[in-house]
Amino acid sequence: MKAERWFLLESGASHFAFNMALDEALLEAMPRLGIPVLRFYSWSEPVASFGYFQRYVEVEQFTPLRPLVRRPTAGGIVPHDADWTYSLLFPPNHAWYGLPAVESYRSVHEWIKNALARLDVATQLAPSSKKESPGQCFIGYEQFDLLWNGRKIAGAAQRRRRDGLLIQGSFQPSALPLNRAGWRQAMQRAGEDRFAIQWSLLEPDERLLQRAAELASTKYGREDYNRRR
């Protein structure tokens, strides 16, 4: 397999509005950046994100976590009080962009499955759906979600636009004997083995950071935007 260059971005902990804004800014920048990005990040406070198409009045009934932020991707409610969060972004000329949504979903969870196997944690891809509470991402599971002992521990949501593909994912380690740094390293090594990735660190330029700050203040940080549906 031919080696492929990807960007790696470790953002650290940020405000919920900036986290969503930076993912959208990166999506907009995909034609300019030209290669995929794997971003690891965390949250400066407990928060719940919810899918772009969900109704706010229903979301606020399902989770006690506050604040609530609307993601640029679809899917259900995701608690970010103890999870490890990542995003993947692909330009329109990349093979992942052309995959059916179900295939890109399966591929990202196979990636996490392989990373966890490196850490001696055995997991399975869900063969079918078993939803116990519609609208909540980690109650029940969908086909190709990642399961540990029958319980969902990883899920993702996607947004495919003209400028690229964004996958936002959450890994909920719960009682697993893991640490965040070890998991991130295992993800990198699994990506090298499975996709022949050669990593380059991404240093966000001023253009990208300014766009993220703009989206955070005019969109994701605004109560009227998050309540728009």
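**Reading a predicted model, one feature at a time**

Q: Which residues of α6 are buried?

A: Let's start with the general idea. An α-helix has 3.6 residues a turn, so residues three or four places apart point the same way. Now the case here: the buried residues of α6 are Leu 208, Ala 212, Leu 215, Ala 216, Lys 219 and Tyr 220. Seen down the helix axis, the buried residues of α6 fall within an arc of 115°, so they line one face.

Q: Which exposed residues sit on the face of α6 turned away from its buried side, and what covers the buried residues?

A: Glu 206 and Arg 207 are the exposed residues on the face turned away. The cover over the buried residues includes α1 (16-28), α2 (30-33), β4 (68-70) and α7 (223-226).

Q: β4 has come up now. What is the strand order in the open sheet that contains β4?

A: First, the general idea: strands of a sheet pair through backbone hydrogen bonds, either parallel or antiparallel. In this model, the open sheet has 3 strands in the order β4-β3-β5, with mixed pairing. β4 and β5 (78-79) stand at the edges with a single partner strand each, so one side of each has no neighbour in the sheet. β3 and β4 pair in the parallel sense over 3 bridges. As an example, Phe 50 has Arg 70 in β4 as its bridge partner.

Q: Which residues touch the most other members in the largest nonpolar core?

A: That core has 35 residues, and those touching the most other members are Tyr 86, Leu 88, Trp 111, Leu 116, Phe 171 and Trp 183. The largest share, 6 residues, comes from α4. A second, separate core of 29 residues includes Tyr 41, Val 69, Leu 202 and Leu 208.

Q: What does Leu 116 touch?

A: Not counting residues up to four places away in sequence, Leu 116 touches Val 121, Thr 123, Leu 146, Ile 153, Phe 171, Leu 178 and Trp 183.

Q: Let's turn to the backbone. Which peptide bond is cis, and what is phi of Phe 144 and of Asn 149?

A: The bond from Arg 66 to Pro 67 is cis, with omega near 5°, and Pro 67 is in the loop between α3 (56-62) and β4. Phi of Phe 144 is near 75°, a positive value in a residue other than glycine. Asn 149 also has a positive phi, near 55°.

Q: Are Phe 144 and Asn 149 buried or exposed?

A: Phe 144, in the loop between β9 (140-141) and β10 (146-148), counts as buried because its relative accessibility is 14%, under the 20% cut-off. Asn 149, in the loop between β10 and β11 (151-161), counts as exposed at 65%.

Note on methods:
Residues numbered from 1 in each chain as written. Predicted model: local features only at pLDDT ≥ 70, side-chain atom pairs only at ≥ 80, totals over all residues. Heavy atoms only, no water. Buried < 20%, exposed > 50% of the residue type's maximum accessible area, 1.4 Å probe, protein only. Helix = DSSP H or I, 4+ residues; strand = E, 2+ residues; numbered from the N terminus. Arc of directions from axis to C-beta. Contact = heavy atoms within 4.5 Å. Core = buried A, V, L, I, M, F, W, Y, C linked by side-chain atoms within 4.5 Å. Pairing = 2+ DSSP bridges.
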